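Here are my notes on the two-chain model. Please read them with the structure open.

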Amino acid sequence: MRTAEELRDKKQLYFDDVSVGQQLPPLVIGPLTPTHLFRWSAAIENWHRIHYDQSFAIYHEGLPNVLAQGSWKQSILPRYLKDLCLPDGWPWKVTFQHRAMIVPGDTVTVWGTVTNKFEEEGMGFVELDVGMRLQYDVESCPGKATIVLPLKNGKPIPYPFVPPKKLATK
Amino acid sequence: MSQAGTSGESALTPEVKGVIGATGEKIEASLPWGVEREGLRIFTQAIMDPDPRYWDDDFAKTTKYGQIITPPIYCTYLGRRARPGSEDPVTRAFEENPESDGIGGVRTPEEKGGLPDVPTSLKRILNAGNEIEVRQYPKIGDHIFSQARYSNIRESVAKDGARMLIVTTETTYTNQDGAVLCILRASQIRR
C-alpha cells in the first residue's frame, strides 16, 4: 500500500523513461478480510448479500465464501493508473474483464506492463497490459490501459484531458 | 420476440437492431447537494487510497487541479445511492422476497434514466467486460449527470454453437456545465 506522503511527494514518471516490456511498480493490497468487502458494499450501497453475508453466499448461492465486488476491482484499477501518472500525467482509459473470484484471505497485486508507446500532439501515450493477480498466481482482472505521460521538456498534459482527434472515441 | 439461442436463427433480429442507439433520459446521479466531502472520505477509504488530493485543501491548491478532486470513476457510483425520501430499497427487497439476495430493490428499466429491455429470448446475462474512459475529475460541489445508451449490440457464436448477443451500454457522466467527466462502457453477454 502507498501512504499519503508517498502520493504527495510522488515523482513524475516521464514518457521518455518507459520502454516496451517494462514492468511498472505494482500495488499490493491485502490480505483482504470480510470487513474490507463489507466496507465497500456500504460505501456504494451495494446490498447484494454475496458480498457480506457469508451464510447466504455459501449455503444459498453455493459460493466458496463472500466475494469481492466487481465494482471494487473496477475502482482499484483506475486508482492504480492514477497513482502511476501522478502528479501530471493522465490515466486515460482502461478495459478489463472479471475472471477469478477474489475472496477474504486473498492478497491482490495490481500490475502493469508496457506494451506500446507513441507520441501524439506532443503527449506520450503508453499502452499497458494490466491486471490484478492473486497470491497463487491466478489473474483476476486482466485488461489493457492507456495512460498519458508528459515528455521531458515537453508540454504539460492538458486538464481537463481531451484526447487527440486521431485517438478520440467520442 | 425472437427465439434465438441454439435454434440456428440469428439472435441479432431487426427488433434487437432497433434498440441500438436507444438513449435513456439524462438524470442527475448525484444527490441534491452534489459531490460532498463525507461521501468522498467513505469512498476513498473503501478503496484504500490515502491520496491527499482527496482531503488536504492546502495541498490540493498546489496541484494542477487547484482544488480537492475525487477518484477517477467516483461519479459512476453516485447514482446507486438511495435518494432521501425515496422508498427504502432494502426494506422493499425483503418485503417482496424474504429470501432476497439483497438487490431486489435495484433500479429497473422502467425507472428514470433506464433503457428499454433488449427484445430477445436470451435471458442469461454474463459480464463481458468494461471500459472506463476518464476525462476530468469531479470536484466538491459538482452536480453529476448520467445518460445511458445502447452503443452497440453484436452477435457472437459460442463454442457449443449457441448464438449470443454482446450488448454494450455506454453511460456518459457530465457535470453541471455539460463537461464530460467519465464514460463507462459495460458489455454483457446475453445467451
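1. A word on the basis. This is a predicted model: local features need pLDDT of at least 70, side-chain atom pairs count only at pLDDT 80 or more, and totals for chains, interfaces and linings use all residues. Residues are numbered from 1 along each chain as its sequence is written, while chains are lettered from A and ligands numbered from 1 in the order in which they are written. Helices (H or I, at least four residues) and strands (E, at least two) are DSSP runs, numbered from the N terminus.

2. Helix H4 of chain A covers residues 70–85. It lies across S1, S2, S3, S4 and S5 of chain A together with S2 of chain B. Its angle to S2(A) is about 145°. Axes are lines fitted to C-alpha atoms, for helices over the stretch in contact, and angles run from 0 to 180 degrees between N-to-C directions. H4(A) is largely enclosed by the rest of the structure, because 15 of its 16 residues are buried. Buried means 20 or more other C-beta atoms within 10 Å of a residue's own; exposed means 12 or fewer; partly exposed is in between; C-beta atoms are placed from the backbone.

3. The sheet is open and has ten strands, with antiparallel pairing. Its order is S1(A)-S3(A)-S4(A)-S5(A)-S2(A)-S2(B)-S5(B)-S4(B)-S3(B)-S1(B). Strands pair if DSSP finds at least two bridges between them. S1(A) and S1(B) stand at the edges with a single partner strand each, so one side of each has no neighbour in the sheet.

4. Four bridges join S2(A) to S2(B), and the two run antiparallel. Phe96(A) stands opposite Asn130(B). Lys93(A) has Glu133(B) as its bridge partner.

5. The contact takes 37 residues from chain A and 35 residues from chain B. Contact means C-beta atoms, placed from the backbone, within 7 Å. S2(B) gives the most to chain B's side, with seven residues.

6. Ile103(B) lies in the loop between H5 and S2 of chain B. It counts as partly exposed because it has 14 C-beta neighbours inside 10 Å. Not counting residues up to four places away in sequence, Ile103(B) touches Trp47(A), His48(A) and Ala93(B).

Definitions and conventions. Contact = placed C-beta atoms within 7 Å.
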